[in-house]
Amino acid sequence: MSKPDDVPVVEELGDEPRSIILSMIAQFGRDMDLSRITFPTFVLEPRSFTERVTDFMSHPDFLISASQCGDPVDRFVGVVKYYMSGWHIHPRGVKKPYNPVLGEFFRSKYAFDDQTSACFVAEQVSHHPPITAMFYHSPEHRIAIEGDLRPKSRFFGNSVGMLLDGYGRIHLLDRGETYDVTYPNMYARGILFGKMVLELGEVSTVTCAESDLQFEVEFKTKGILWGAYNQIAGRIRRTSTREALFEISGNWQTAMYITDLRTPGAAAEVLFDAANEHVVPQTVAGLAEQEPNESRRLWDDVTRAIRAGDQDAATTHKMAIEEQQRLDARDRGERGEHFEPRFFRLEDDARYHPKLPVADLPCEPAAAKDRVVRWIFACPDGSAQDFGRAENGSSATIQA
């Protein structure tokens, strides 16, 4: 079992990369919005943010187990375990994913040990401000996840923060329960001096109105003179009475522990240990089967160049994608057209929801699977995407 040691995600920049960053920062103002800033390719991880979103789906088997619990409190603890399990997945070093272009999308499949499956799709539905909408569905287990992520990058002196606004909603359809989640912020510390360190910070929540339960967790950032990296502290409470039921603590990158406060003197038990858990891989169609604006195909030349260590080629290919996005936007403006997302729509609640509404999913698993698969994996000519030459999940991420 791994222990919650002080094990930060660290990267040390060489003189040339740091000097490039310093020259860029000289033009920034504190608290400046960085969403329109073009970053050098050496700070990029070789995948798009539309794919990075799948880090939250690294342990979907926890949701399956949670949905099978008969007790609502046990189900809630299981959902919390799933929610907390996605944060230990991170890029090699302190990197940021590609900024998706408008209309870019990523889609994949999951196969579970019990011979069941799930589908996922994420789409860039807005460029300014950047918004990525997502949808996940496991038909046999009647689980659906929807949401949109609205990252806002800010410069804070010696650090850059990505503030994760938006919403996330987990549906356990057979239980009639919805779990609303919020997200912590991410910070890259030490961009001016010292080693670059990735941290999560602020408070996030998981709330289920049907079970009258809420989990509030603080992702603690390390102080200058004291503290440790990657620590968390949270409690599960009755929403109506604020009665504390469980306490959760530990290290989001390695191991977290849960204590039942309903039992005086109860010992802490392992909630999640990254060293002993298996990331469920996703399957993605081969590049030849992907559409031009599908993430891995769209960014393939950039990804190959980054992995080959050719930053000049990576920059050239990245600039070509960004220039094409500007041309497409200009053409739409000249034609008086408004961009329409393929998979999602903006609803009256000012949030993006799947065009196949969760409420309209068939109850019968085979019918639900058929409908979702045809909706996500249909090609423009009406055929289905071929997974005969499929790829495994991205190797751009690692476990702690």
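**Figure 1. Pro 129 and its cis peptide bond.** Pro 129 sits in the loop between strand 6 and strand 7 (131-138). In this predicted model, the peptide bond from His 128 to Pro 129 is cis, and its omega is near 0°. Most peptide bonds are trans.

Figure 2. Asp 113 belongs to the loop that runs between strand 5 (105-111) and strand 6 (117-126). Its relative accessibility is 79%, so Asp 113 counts as exposed. Asp 61 lies 52 residues away from Asp 113 in sequence, yet the C-alpha to C-alpha distance is 9.1 Å. Gln 115 is placed in the loop between strand 5 and strand 6 too. At 72% relative accessibility, Gln 115 is also exposed. The phi of Gln 115 is near 70°, a positive value in a residue that is not glycine. Most residues other than glycine have a negative phi.

**Figure 3. Glu 202 in strand 12.** Glu 202 is part of strand 12. Here phi is positive, near 85°, again in a residue other than glycine. Glu 202 has a relative accessible area of 41% and is therefore partly exposed.

**Figure 4. Arg 47 and Glu 45.** Arg 47 falls within strand 2 (residues 44-48). With a relative accessibility of 4%, Arg 47 counts as buried because the cut-off is under 20%. The side chain of Arg 47 makes a polar contact of 2.7 Å with the side chain of Glu 45.

**Figure 5. The largest cavity.** Rolling a probe the size of a water molecule over the atoms shows where empty space is left. The count is 2 cavities of 30 Å³ or more. The largest cavity holds about 150 Å³ of space. Its lining has 16 residues, and those nearest the centre are Arg 52, Asp 55, Trp 87, Ile 89 and Met 186. Helix 2 (49-52), strand 9 (159-172) and strand 12 (196-208) each give two or more residues to this lining. By class, the lining of the largest cavity comprises 12 nonpolar, 2 polar and 2 charged residues.

**Figure 6. The second largest cavity.** The volume of the second largest cavity is about 100 Å³. Among the residues that line it are Phe 56, Met 57, Tyr 82, Tyr 83, Trp 87 and Met 134. The lining also includes Ile 145, Gly 168, Arg 169, Ile 170, Val 181 and Tyr 183. Helix 4 (72-85) and strand 9 supply at least two lining residues each. Strand 9 gives the most, with 3 residues. The lining of the second largest cavity divides into 10 nonpolar, 1 polar and 1 charged.

Figure 7. The protein has 8 helices and 22 strands. Of its 400 residues, 52% count as buried. Among contacts with a separation of 6 or more, 60% join residues 24 or more positions apart. The average pLDDT is 87, and 84% of the residues score at least 70. Over residues 1-6 the pLDDT is below 50, and this stretch has 22 contacts in the model beyond near neighbours in sequence. Residues 394-400 also stay under 50 in pLDDT, and the model gives them 30 contacts beyond four places in sequence. Where pLDDT is low, the predicted coordinates should not be read in detail.

Terms used. Residues are numbered from 1 along each chain as its sequence is written. This is a predicted model: local features need pLDDT of at least 70, side-chain atom pairs count only at pLDDT 80 or more; totals for chains, interfaces and linings use all residues. Side-chain values use heavy atoms; hydrogens and water are left out. On a 1 Å grid over the protein atoms alone, a cavity is a set of points where a 1.4 Å probe fits but cannot get out, and a pocket is an open set with protein on both sides within 12 Å along at least five of seven lines; lining residues have an atom within 4 Å of a point. Grid points are joined across faces, edges and corners, and a volume is the space filled by probe spheres set on the points. Helices (H or I, at least four residues) and strands (E, at least two) are DSSP runs, numbered from the N terminus. Ala, Val, Leu, Ile, Met, Phe, Trp, Tyr, Cys and Pro count as nonpolar, Asp, Glu, Lys and Arg as charged, and the others, Gly among them, as polar. Buried means under 20% relative accessible area, exposed over 50%, partly exposed in between (1.4 Å probe, protein chains only). A polar contact is a pair of N or O atoms within 3.5 Å; within protein, one must be able to donate a hydrogen and the other to accept it, and residues adjacent in sequence count only if both atoms are side-chain atoms. pLDDT is the predictor's confidence in each residue, from 0 to 100. Contact means heavy atoms within 4.5 Å.
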